[in-house]
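Please keep the sequence and the model in view while reading.

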Amino acid sequence: MQDRPYVISIAGFDPSGGAGLLSDCKTFEQSKVMGLGVCTALTLQTASQCISLEWRLLDEVIKAIQVLMENYPVSAVKIGIVKDAEFLDEIIKTVKNNDPEVKIVWDPVLKSTSEFTFFDLETLPQLKPVVNKLSLITPNYNEYSVLKENNLLPDTNKCSLLIKGGHREDHLGTDILVENEKETLLLPVEDCQLLFPKHGSGCVLSSAITAELAKGENMETACRNGKLYIEKFLKSNPSLLGTHS
């Protein structure tokens, strides 16, 4: 039996289990990888609202990453909510210092669907030199617009870009993968009318893609497989909390 590759989720704790660390680890388990977790923030939220947020100290986060990477052969890392650009940069540096070959995916959660702000938007300009250190970023259409307006999109020869189509008014469900300046349309497989909105769907997609990269898939295949996973998740039931199977 082949050993499962190790993947770390560096993300927030959501007690509803729909997003963040718990959601990522559910996805990793179904995707046949070993999921490890580092908590960036403690949140109090349900599937429909975020009530409060308490950031963990950066030093604590860095120490946890160090311990995990010193003890496990980590193949890929998924990053979720981070406090600001410095927080993100220090996480990336720590991962790269331990292993420069590790794939790093950042799901840039700037605001929740319920309009709760996670990322310190005043530090957005500091993101420019940071994003190109990543393997992939996965903004939704609104986050993509913010990054584009601020000239913060990555050089896709260095970091791939997946623009998620779940918030689009036109071509709903069509994602756009940009790598090496080439655009690839990822069309929905399922009928979008049969899919239900889900709390944490961005977390699930990005962690499914990260798992595929850890298993050695190339970027396009990883994104296509991740899209199949998220569509199955969105189809799982009509409630805001989806199930993994």
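Is D107 buried or exposed? D107 is buried, with a relative accessible area of 3%. Here buried means under 20% relative accessible area, exposed means over 50%, and partly exposed lies in between (1.4 Å probe, protein chains only).

The model is predicted: local features need pLDDT of at least 70, side-chain atom pairs count only at pLDDT 80 or more, and totals for chains, interfaces and linings use all residues. Residues are numbered from 1 along each chain as its sequence is written, and side-chain values use heavy atoms, with hydrogens and water left out.

**Salt bridges**

Side chains of opposite charge can pair when their charged atoms come close. A salt bridge is counted when a side-chain nitrogen of Lys or Arg is within 4 Å of a carboxyl oxygen of Asp or Glu. The whole structure holds 11 salt bridges. Three of them are set out below.

| Pair | Closest N and O atoms |
|---|---|
| K164 and D107 | 2.9 Å |
| E220 and R224 | 3.0 Å |
| K227 and E231 | 3.9 Å |

D107 pairs with K164. K164 sits in the loop between β7 (160-163) and β8 (175-179), and D107 in the loop between β5 (103-106) and α4 (128-131), so the bridge ties together parts that are 57 residues apart in sequence. Helices (H or I, at least four residues) and strands (E, at least two) are DSSP runs, numbered from the N terminus. Like D107, which is at 3%, K164 is buried, with a relative accessible area of 10%.

Two pairs belong to helix α7. E220 and R224 both lie in this helix (residues 219-234), 4 residues apart, about one turn. E220 is partly exposed at 24% relative accessible area. R224 is partly exposed too, at 36%. K227 and E231 are also 4 residues apart in helix α7, about one turn of the helix. K227 counts as buried at 7% relative accessibility, and E231 is buried at 4%. Elsewhere, salt bridges with shared partners join D89, E90, K93 and K133 into one network.

**Surface patch**

Which residues make the nonpolar surface patch of about 230 Å²? F13, L22 and L42 make this patch. Patches take residues with over 30% relative accessible area and no salt bridge; like charges are joined within 9 Å, nonpolar side chains (Val, Leu, Ile, Met, Phe, Trp, Tyr) within 5 Å. Areas come from the Shrake-Rupley method with a 1.4 Å probe; for residues, only the protein chains shown count as cover. L22 lies in helix α1 (residues 20-30). L22 is partly exposed, at 36% relative accessibility.

**Cavity and pocket**

On a 1 Å grid over the protein atoms alone, a cavity is a set of points where a 1.4 Å probe fits but cannot get out; a pocket is an open set with protein on both sides within 12 Å along at least five of seven lines, and lining residues have an atom within 4 Å of a point. The count is 1 cavity of 30 Å³ or more. The largest cavity holds about 40 Å³ of space. Its lining consists of Y229, K232, F233, T243, H244 and S245.

The second largest pocket has a volume of about 230 Å³. This pocket is lined by 17 residues; K103, S135, K158, S160 and M219 lie nearest its centre. A volume is the space filled by probe spheres set on the points, which are joined across faces, edges and corners.
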